[in-house]
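Here are some notes to go with the model. Please read them with the structure open.

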Amino acid sequence: MKHLVEPIRDKKKIKEVEEYLEQKSFRNKVLFCLGINSGLRVSDILSLNVGDVRGRSHIELCEKKTGKVKKFPINNKLEKLLADYISDKLDSEPLFESIKRHRLDRSQVYRDLNEACAAAGVDANIGTHTMRKTFGYHHYKQFKDIAMLQMIFNHSSPNITLRYIGIDQDEIDKSYKAFEL
């Protein structure tokens, strides 16, 4: 059975990952925070330019995978992080660049995220989709609105969304543990 990438379920661990990333690279912290606060796929995050976020209340883009337009507000945490991060950058620059000033690639994000999660003791299967799934998991836990999350993720059914964020397996596990004959 293949191991699916999982969300980071523990909010304390999310904070530890953020702190680790900030120590290593403010860019990586901003990227992680954007991922867990937007639910965007890493390919869409990496396609953003500075001008896509500077002075804006919303981020609007065409999703690479679906071709659909996605628009969402920039929350207060992201607004501050992004403002600090882009203060010395040009609108035409990629939002996230490598040391060699090329657009950052997903394999580097994968390595940075795995390193940070290992350092924070996150016990989960980590991949770049972990950021998107972490957003989904915590959004569901806070609002319990699977229909809204389904729309945010552009999924075709609530069951897909629940499985995607790992809720269905959590609920199955909980029911097994609570059941005894």
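1. Start of α7. A side-chain oxygen of Asp145 comes within 3.3 Å of the backbone nitrogen of Ala147, at the start of α7. Helices here are DSSP runs (H or I, at least four residues) and strands are E runs of at least two, numbered from the N terminus.

2. Basis. This is a predicted model: local features need pLDDT of at least 70, side-chain atom pairs count only at pLDDT 80 or more, and totals for chains, interfaces and linings use all residues. Residues are numbered from 1 along each chain as its sequence is written, and side-chain values use heavy atoms, without hydrogens and water.

3. Buried face of α7. Helix α7 spans residues 146–153, and its buried residues are Ile146, Leu149, Gln150, Ile152 and Phe153 (buried: under 20% relative accessible area, 1.4 Å probe, protein chains only). They lie on the same side of α7 because they cover an arc of only 160° around the axis (taken from the directions from the helix axis to the C-beta atoms). They pack against β2 (69–73), α6 and α8 (158–164), with contact meaning heavy atoms within 4.5 Å.

4. Largest pocket. Its volume is about 390 Å³. Of its 14 lining residues, Lys11, Ile36, Asn37, His138 and Gln142 are the closest to its centre. A pocket is an open set of points on a 1 Å grid where a 1.4 Å probe fits, with protein on both sides within 12 Å along at least five of seven lines; lining residues have an atom within 4 Å of a point.

5. Lining. α6 gives the largest share, six residues. α1 (11–24), α2 (26–38) and α6 (129–143) each supply at least two.

Key
Points joined across faces, edges and corners; volume = space filled by probe spheres on them. Buried < 20%, exposed > 50% of the residue type's maximum accessible area, 1.4 Å probe, protein only. Polar contact = N/O pair within 3.5 Å; in protein donor to acceptor, adjacent residues only side chain to side chain.
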